[in-house]
Each structure stands twice: as C-alpha cells, then as structure tokens.
Amino acid sequence: MNEIIIAILRSGTPLIYVTLAGMIAQRAGIWNLGLEGIMIIGACATVLGIMLTNSFWLAIVIAMLLCVLASVLLWFVIDKLKANPIIAGLGLTGLGIGGTALAVESIFGSQATVSAPFGAPKLGPIFGPYGVLSIFVLAMPFVVFGMWLLLRRTRFGLQLAACGEHPFAARSIGANPSRMRLAALAIGGVLCAIGGAELATGSLQFFAQGMTAGRGFMAFAAVIFGAAHPVGSTFAALFFAVVGAIGIRAQLSFGDKVPHDLLQALPYLATVFGVWLSGKLRGGAKAASSFAELRDQ
C-alpha cells in the first residue's frame with residue numbers, strides 16, 4: 001500500500017504544481033497552453049544548474065527566474081502584441097521543448113540524457129517509508145492551501161477573478177487587468193519551475209528530452225476538470241496521477257497479458273475522459289471574458 005501511495009505522490013506532485021500554475025492563469029482569463037514548455041524549462045534548468053553551481057537551491061532559483069522570464073514573454077506576446085493566447089501558449093511549449101534540446105546539445109555536444117550529481121533534498125528517515133520523497137511533496141498541500149487563501153480570501157484573488165471574468169468592469173474598481181495577468185503568469189512560472197524540478201530531481205537525478213511527456217497538457221485538462229478551483233484542480237490532477245500509478249502497477253502485475261502501450265496510455269485516456277466529463281457536467285467550455293478582450297483589442 002505504501003508503495004502505491006509513494007508512486008501516486010511522485011507522479012502527482014509535479015502535476016499538481018503545474019496545475020496550480022494553469023489554474024491561476026485561468027483565473028486571470030488566460031488559457032495557458034504553455035505549461036508544458038515552461039515545465040520542461042524548469043526541469044532542464046534545475047539539472048543544469050545543479051551541475052554548474054553544485055547547489056540545489058541556486059539551481060532552483062535559476063529555474064524559477066527562467067520560468068518567470070518565459071511567462072513574462074507569454075504575457076508580452078498576449079497582452080502587448082495582442083496574439084491569440086492559445087496559439088501563443090502552444091508556441092511557448094514548442095520553444096521550451098526545442099530550446100532545452102538546443103541548450104543540452106550546445107553544452108554537451110549531443111542530445112543524450114544529462115545526469116545531476118544529486119537531486120532534491122529528501123524527507124529523511126523520520127518519515128519512515130515516505131522518507132524517499134522530496135521536500136516538494138511535503139510542501140505541496142501547504143502550497144495548495146496557500147493558493148486557496150490567496151485566490152478566495154484576499155483582495156488580490158478577488159481582483160484577479162474580476163479581471164478574468166469581467167475585465168471591463170474590473171477597471172471601474174481600479175484593477176488593472178494587464179498587471180493582474182502579468183502577476184498571475186509570473187506566479188505560475190514559479191510553480192512550473194518547482195513542478196519541473198520535482199519531476200527531474202524529486203525521484204530522479206537527470207534530464208532527458210521530452211521527459212515532461214505531455215504533463216503540461218494534463219495539468220491544463222486538470223484545470224478544466226477542476227473548474228479552475230485550487231482544491232478541485234488539485235483533486236483532478238491527483239485523479240490523473242492515480243490512473244498513472246494503476247497503469248504502472250498493472251504493468252508489473254500482468255506483464256505481457258495486457259498491451260504495454262495501452263497501459264502507458266491510461267493517464268492520457270483519463271485526461272480525455274476528464275475533459276469530456278467536465279464539458280458534460282457544465283454544458284461545454286465557455287471562453288473567458290478576458291479572452292474576448294484580448295482578441296478584440
């Protein structure tokens with residue numbers, strides 16, 4: 001039982017951090033399809049940062065700065081250049097995947113897997129069998145609670161929701177939708193950096209091209225499935241993680257009796273099902289008012 005819980009936490013924690021990043025962008029009225037690209041930038045920057053500085057904490061700071069910079073770039077293209085947010089997000093994903101591959105090849109002369117000398121700090125023996133998990137796993141529920149407080153119980157959160165749902169009306173109360181979008185995307189950049197760092201150094205100690213394997217899009221689906229609510233989106237991400245852990249357990253239990261590709265596809269099938277179910281329960285997805293403002297200006 002402990003092994004299953006550990007597997008769920010390992011696969012679910014990076015997904016939850018990135019889901020929170022997509023959720024706060026959604027609250028600001030932006031459908032952030034650049035999560036995949038920002039996440040892989042965070043993973044790559046963390047591993048390379050550890051190799052260059054020999055310090056995990058300096059590496060995570062570097063990863064956060066780069067992810068925030070990528071998020072600011074997305075904000076500039078969407079808000080100032082008036083680009084379509086969906087196309088801009090997909091472009092950022094391509095930039096992140098291609099840019100990290102180019103960086104690794106430029107530094108090491110090949111596109112091989114890059115190994116770090118050590119990973120993220122672990123919880124330690126005091127947590128028993130869960131001591132093998134990273135500190136980001138322990139911090140995750142506190143971050144979720146903090147995001148709930150920020151978005152549901154603070155002036156900033158209320159203004160953010162107003163700018164996302166009714167940006168024209170939000171200006172009448174002194175809120176600046178452009179600045180709120182920038183703040184939301186910057187916070188999301190930090191969360192994506194943590195998610196990427198957890199993916200690459202939480203239970204592993206390496207960076208490989210394409211290692212995010214669509215987790216950014218799964219996080220985006222979790223935001224939709226969870227109605228852009230901190231708790232709902234978190235449980236949606238955990239649902240996808242549970243399905244993924246079941247797939248891994250099934251591979252170990254059934255071996256060749258079940259097609260390997262089918263078991264690997266389970267998390268993605270669950271993602272499609274979650275989006276479909278969300279649309280059925282809510283009568284279909286509706287574009288945010290802020291999206292219309294960005295499109296029409």
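Predicted model: local features only at pLDDT ≥ 70, side-chain atom pairs only at ≥ 80, totals over all residues.
Visitor: What radius of gyration does the protein chain have, and what would a compact globule have?
Guide: The C-alpha atoms fill a box of roughly 55 × 45 × 35 Å along the principal axes. A compact globule with 297 residues would have a radius of gyration near 19 Å, and the protein chain agrees with this, because its own value is 19 Å.

Visitor: Which arrangement do the rings of F56 and W57 have?
Guide: The structure holds six aromatic pairs. In the pair of F56 and W57, the ring centres are 5.2 Å apart and the planes stand at 80°, and since planes over 60 degrees apart count as edge-to-face, the arrangement of F56 and W57 is edge-to-face.

Visitor: Is F225 buried or exposed?
Guide: F225 forms an edge-to-face aromatic pair with F239, with 6.2 Å from centre to centre and 75° between the planes. F239 is partly exposed, with a relative accessible area of 32%. For F225 the relative accessible area is 19%, and because buried means under 20%, F225 counts as buried.

Visitor: Which helices does the pair of F225 and F239 tie together?
Guide: F225 lies in the helix of residues 215–225, and F239 lies in the helix of residues 230–254, so the pair ties together parts that are 14 residues apart in sequence. The helices in question are helix 9 and helix 10.

Methods: Residues numbered from 1 in each chain as written. Heavy atoms only, no water. Rg over C-alpha atoms; globule rule 2.2 N^0.38 Å. Phe/Tyr/Trp six-rings, centres within 6.5 Å; stacked < 30°, edge-to-face > 60°. Helix = DSSP H or I, 4+ residues; strand = E, 2+ residues; numbered from the N terminus. Buried < 20%, exposed > 50% of the residue type's maximum accessible area, 1.4 Å probe, protein only.
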